[in-house]
Amino acid sequence: MTSHPARPIAGRGAVPGASTEPRPTRLSAGGPRDVTWGRRRRPGMEARGELRVGFVGAGRMAHGVAQGVVRAGKVKAANILASAPSDRNLGAFQDLGCRTTHCNSEVLQRCTLVFLATKPHLLPGVLQQIAPAVTRDHIIVSVAAGVTLQTLQQLLPAGTKVLRVMPNLPCVVQEGAVVFARGSCAGEQEAALLKSLLSACGLCEETPESYIDIHTGLSGSGVAYVYLFAEALAEGAVKMGMPSALANKIAAQTLLGAAKMILETGEHPAKLRSNVCTPGGTTIHALHELEKGALRATVMNAVEAATTRAHELGER
Ligand SMILES: NC(=O)c1ccc[n+]([C@@H]2O[C@H](COP(=O)([O-])OP(=O)(O)OC[C@H]3O[C@@H](n4cnc5c(N)ncnc54)[C@H](OP(=O)(O)O)[C@@H]3O)[C@@H](O)[C@H]2O)c1
């Protein structure tokens, strides 16, 4: 089996310092031994009490979570094992210092906490494949959109500790907004462990499962509404004569700064907005235009439409 040369992959920079670690050994599909990990252990029997984290599916979201937990020092890269059918995405995990395999069951054999990060339509087949390797020691965390806790629990052995996570794309730059819900056999301890890990990827909150579709409408899809707004903001500046590259940069920084102020001051956005409005000034003139365009009602409708669609897709 060929190994990937260390190379940056778009949007997935290698972790500083990772290159100083020994290159991981590629594990083959047949479940071979790895010199560093030694003999296979039962899940939960980690060496030196270190948590081993697995990813079944090694795409963009899995890599974003892995990168976040490694960068935050929550899990050593060498204690992460990711599986995927092809080599397409595994090189990015190797660049991070993680181990890789083409065998999904091997991830269950070697790791206690396992993220399921394939596309949702593939997940039922993957669950059937890995179910025989799942024990009560495992903590199984699905990131698949629309796949309910009920479905996950039905397709895994009775008593499995299952949690369902809904991340958003900025998890890949560790500024995500993540919510998660517990299945009936997952307790406080599993929730606390998951929250601690995922806080490395941004904001992380436990919620009832019914909030997950709303989170999709607010934040999962919401990222796209913000990009649209950023684009429009910059285009306005371009119309007024500013070069596009500079306008895009300033628009992005404006969103970042405004968001940071909401989080750091704890003020309601309406209060912060009114602070910017000098009577008779520029901002109130601009806000009047946005109100004429029904910006608020349109955005509320967008959140409602995406939430409803997420619900419909989950029922299929
Ligand atoms: N991206 C987002 O913004 C976002 C937000 C919320 C939730 N999610 C959820 O996150 C999950 C992953 O999304 P993504 O964007 O990371 O997708 P992605 O980049 O397409 O990655 C999917 C991964 O699954 C692997 N895979 C395919 N078949 C498999 C199998 N039978 N066994 C094991 N792995 C298999 C793929 O393998 P190859 O590498 O060989 O192609 C790939 O590594 C989805 O369920 C999605 O709903 C994503």
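The axes of helix α7 (residues 211-220) and helix α12 (residues 295-315) cross at roughly 135° and come within 7 Å. Axes here are lines fitted to C-alpha atoms, for helices over the stretch in contact, with angles running from 0 to 180 degrees between N-to-C directions. Helices (H or I, at least four residues) and strands (E, at least two) are DSSP runs, numbered from the N terminus. This is a predicted model, where local features need pLDDT of at least 70, side-chain atom pairs count only at pLDDT 80 or more, and totals for chains, interfaces and linings use all residues. Residues are numbered from 1 along each chain as its sequence is written.

So α7 and α12 are oblique to each other (angles under 35 degrees count as roughly parallel, over 145 as roughly antiparallel, 65 to 115 as roughly perpendicular and the rest as oblique). Their crossing is right-handed, meaning that the near helix is turned clockwise from the far one by less than a right angle. On the α7 side, D213, I214, T216, G217 and L218 meet V303, E304, A306, T307, A310, H311 and G314 of α12; contact requires C-beta atoms, placed from the backbone, within 7 Å. By class, that makes five nonpolar, five polar and two charged residues (Ala, Val, Leu, Ile, Met, Phe, Trp, Tyr, Cys and Pro are nonpolar, Asp, Glu, Lys and Arg charged, and the others, Gly among them, polar).

Helices α8 (residues 222-239) and α9 (residues 244-265) have axes that come within 8 Å and also cross at roughly 135°, which makes α8 oblique to α9. The crossing of α8 and α9 is right-handed.

Strand β2 (residues 80-83) runs parallel to β3, joined by three bridges, and S83 stands opposite T101 in β3.

The ligand is surrounded by 28 residues, the closest being G57, G59, M61, S86 and A145; a residue counts if its C-beta atom, placed from the backbone, lies within 6 Å. Helix α1 (residues 60-71) gives the most to this shell, three residues.

Note on methods:
Two residues are in contact if their C-beta atoms, placed from the backbone, lie within 7 Å. Two strands pair if DSSP finds at least two bridges between them.
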